Amino acid sequence: ITFCFHWRINKMNRIPALRRIGAQALRNPVTRAGGASGHPNGSFWSEGTQVGLNGFKYGEIPLPNGQPRKKLWLENIWNIGYGGFFLGAFCLYYGAPPGHVIPSQWATPKAKDEYAVDMKMIDKYNERPDLQARLSIVLKDLNMIEEEAYDLIMMRKDYKVLLGLHSGRVPADLKAIYEELEA
């Protein structure tokens, strides 16, 4: 605690000292000449220190006309790998059956069918006051409010609801209500 307090008091005195240390480091000839980096004229990025690079791609000197370039052992593997990847991606995209490439093409009809079933169930729920009374009892058992009745109907295939029905944590009457609404 005393160190932190001491640091806060002397904080203003330390800033000029830190500036001096930084300036000395910049003026230091060992630091500027490369020092531990091993480059005699400065850091690696200083002009003239990139040894072995001659301005050509990958440092290869162009061969005289008509002379074939000797390939590295890795180049064929590299080209086959990338070519195979792009060929596979092309075949997967264009070779798939129509309607299976874009998820909205196969998911939209399924979602519309499920939505139509949900709307029929909600219409049945609104028409039958006996189901509303039974579902309100289930909602109270689950510590839910009346406005969540529609959510509970829509969540009939949700993992948590199915798990609750399977484990017995949800009242069994909810399963009977679901079966009546689906009929």
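This briefing covers confidence, salt bridges, aromatic pairs and a nonpolar surface patch.

The model is predicted. Its chain averages a pLDDT of 78, and 75% of the residues score at least 70. The whole structure holds seven salt bridges. The count of aromatic pairs comes to six. A nonpolar surface patch of about 1,000 Å² includes Ile-77, Tyr-82 and Phe-86.

**Confidence**

- Among the elements of the chain, helix H4 has the highest mean pLDDT, 92.
- Helix H1, residues 2-9, has the lowest, at 52.
- Where pLDDT is low, the predicted coordinates should not be read in detail.

- Glu-180 and Arg-128 meet through their side chains in a salt bridge, 3.1 Å from N to O.
- Glu-180 lies in helix H9 (residues 172-182), while Arg-128 sits in the loop between helix H5 (103-127) and helix H6 (129-141), so this pair ties together parts 52 residues apart in sequence.
- Glu-180 also forms a salt bridge with Arg-134, at 2.7 Å from N to O.
- Arg-134 lies in helix H6 and Glu-180 in helix H9, so this pair ties together parts 46 residues apart in sequence.
- Shared partners join the salt bridges of Arg-128, Asp-130, Arg-134, Asp-173 and Glu-180 into one network.
- Glu-180 is partly exposed, at 25% relative accessibility.
- Arg-128 is partly exposed at 29%, and Arg-134 is partly exposed at 21%.

**The Arg-69 and Glu-75 bridge**

- Arg-69 and Glu-75 form a salt bridge through their side chains, 2.8 Å from N to O.
- Arg-69 is partly exposed, with a relative accessible area of 41%.
- Glu-75 counts as buried, at 18% relative accessibility, because buried means under 20%.

- Six aromatic pairs are found. One of them is Tyr-82 with Phe-86, which is stacked: the centres are 6.4 Å apart, with 20° between the planes.
- Tyr-82 and Phe-86 both lie in helix H4, four residues apart, about one turn of the helix.
- Tyr-82 is partly exposed, with a relative accessible area of 43%.
- Phe-86 is exposed, at 52%, because exposed means over 50%.
- The rings of Tyr-125 and Tyr-150 have centres 5.7 Å apart and planes at 80°, so this pair is edge-to-face.
- Tyr-125 in helix H5 and Tyr-150 in helix H7 (residues 149-154) are 25 residues apart, and their pair links distant parts of the chain.
- Tyr-125 is buried, at 5% relative accessibility, whereas Tyr-150 is partly exposed, at 35%.
- Ring pairs link Trp-78, Tyr-82, Phe-85 and Phe-86 into a cluster.

**Nonpolar surface patch**

- The patch is made by Leu-72, Trp-73, Leu-74, Ile-77, Trp-78, Tyr-82, Phe-85 and Phe-86, and it covers about 1,000 Å².
- The clustered residues Trp-78, Tyr-82, Phe-85 and Phe-86 are among the patch residues.
- Ile-77 lies in helix H4, residues 73-95.
- Ile-77 is exposed, with a relative accessible area of 54%.

Note on methods
Residues are numbered from 1 along each chain as its sequence is written. Side-chain values use heavy atoms; hydrogens and water are left out. Patches are made of residues with over 30% relative accessible area and no salt bridge: like charges are joined within 9 Å, nonpolar side chains (Val, Leu, Ile, Met, Phe, Trp, Tyr) within 5 Å. Accessible areas come from the Shrake-Rupley method with a 1.4 Å probe; for residues, only the protein chains shown count as cover. A salt bridge is a side-chain nitrogen of Lys or Arg within 4 Å of a carboxyl oxygen of Asp or Glu. Helices (H or I, at least four residues) and strands (E, at least two) are DSSP runs, numbered from the N terminus. Buried means under 20% relative accessible area, exposed over 50%, partly exposed in between (1.4 Å probe, protein chains only). pLDDT is the predictor's confidence in each residue, from 0 to 100. Rings of Phe, Tyr and Trp (its six-membered ring) pair if their centres lie within 6.5 Å; planes under 30 degrees apart count as stacked, over 60 as edge-to-face and the rest as tilted.
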